[in-house]
Amino acid sequence: MGSASRQQQPSQTNHGVELIIAPPAFRLSDDEEDDEARELLLDVDGLVTVAGGGAAGAAPPPASPPKIRVRELRRQAAGGQEILRGVDLDVPRGMVMGVIGPSGSGKSTLLRALNRLWEPAPGAVFLDGADICGLDVRALRRRVGMLFQQPAMFDGTVAYNVRYGPQLRGKKLTEAEVQNLLTQADLDPAMSSKPATELSVGQAQRVALARTLANEPEVLLLDEPTSALDPISTQNIEDTIVRLKKTRGLTTVIVSHSVKQIQRIADLVCLLVGGEIVEVLPPSELSSAKHPMARRFLELS
């Protein structure tokens, strides 16, 4: 079941997103969570092998605790069908965890449990060792941000969108801070005064990322963030994800149907089949996956 997750290697470092109640005219659709549709969560090295460091025979350093820990996570559809079947998963801090698997295997459902877009059972999801059910949901969503497939822009300029989250907490970002965030999201800082309605989908996705970074997230959740983008925009987003891991220590969990994308940017890959985690392994070892359905999925991808 989820026991494969315990085989993954620990990592290092650490380093946030704001829940925005969207204006009445805005609606974010979600096939699995219609009751959350009016809520917009602001869009928002390498695999470490522990080795002996000093004198011969010295004990290795203790393993770093995971940034996110999932235990026996379950979810049922309205008709009683199990979507997640007791998922266990450790997400190492400061690493990119890719989640792949066939359609309908529960990937997005798993992702949305990590910042309570649906309410997991107490004791099922932990952030830095704390049960997320015991955390203030807004504070949690500042720390654990999310980018959706389709970026949602508020009316106004790019700068207005980037400033939106911090402004809710009474903080006004300077123009220099806005431009720095745009740069981090691989955008021209001069775009800050551009109307958000004039952006391409790729530009809007990166503005959404800058808007998330404005809240200084520790974890970034990405649900098929490049599925609607052209190859150049996709590469820009991928490069940004990898750079943020290196420069800010962001822990990232990305759901993708693209095995090649996961191989390019992930440190670990979680294979989810039928609501169960069947493998957790480095991208370089995907060809060694043993589960029949996982192997079939990989062969056809």
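**View 1. Lysine 67 and aspartate 128 pair up through their side chains in a salt bridge, 2.8 Å from N to O.** A salt bridge here is a side-chain nitrogen of Lys or Arg within 4 Å of a carboxyl oxygen of Asp or Glu. Helices (H or I, at least four residues) and strands (E, at least two) are DSSP runs, numbered from the N terminus. Lysine 67 is buried at 0% relative accessibility, while aspartate 128 is partly exposed at 31%. The cut-offs: buried is under 20% relative accessible area, exposed over 50%, partly exposed in between (1.4 Å probe, protein chains only). The model is predicted, so local features need pLDDT of at least 70 and side-chain atom pairs pLDDT 80 or more, whereas totals for chains, interfaces and linings use all residues. Residues count from 1 along each chain as its sequence is written, and side-chain values use heavy atoms, leaving out hydrogens and water.

**View 2. Arginine 71 meets aspartate 90 in a salt bridge (3.1 Å, N to O).** Here strand S3 supplies arginine 71 and strand S4 (residues 82-91) supplies aspartate 90, 19 residues apart. Aspartate 90 is buried, at 10% relative accessibility.

**View 3. Glutamate 238 and arginine 264 form a salt bridge, with their closest N and O atoms 2.7 Å apart.** The partners are 26 residues apart, arginine 264 in helix H7 (residues 259-265) and glutamate 238 in helix H6 (residues 231-248). Glutamate 238 is buried, at 6% relative accessible area.

**View 4. Lys67, Arg93, Asp128, Arg143 and Glu218 belong to one network, joined by salt bridges that share partners.** Across the whole structure, the search turns up 16 salt bridges.
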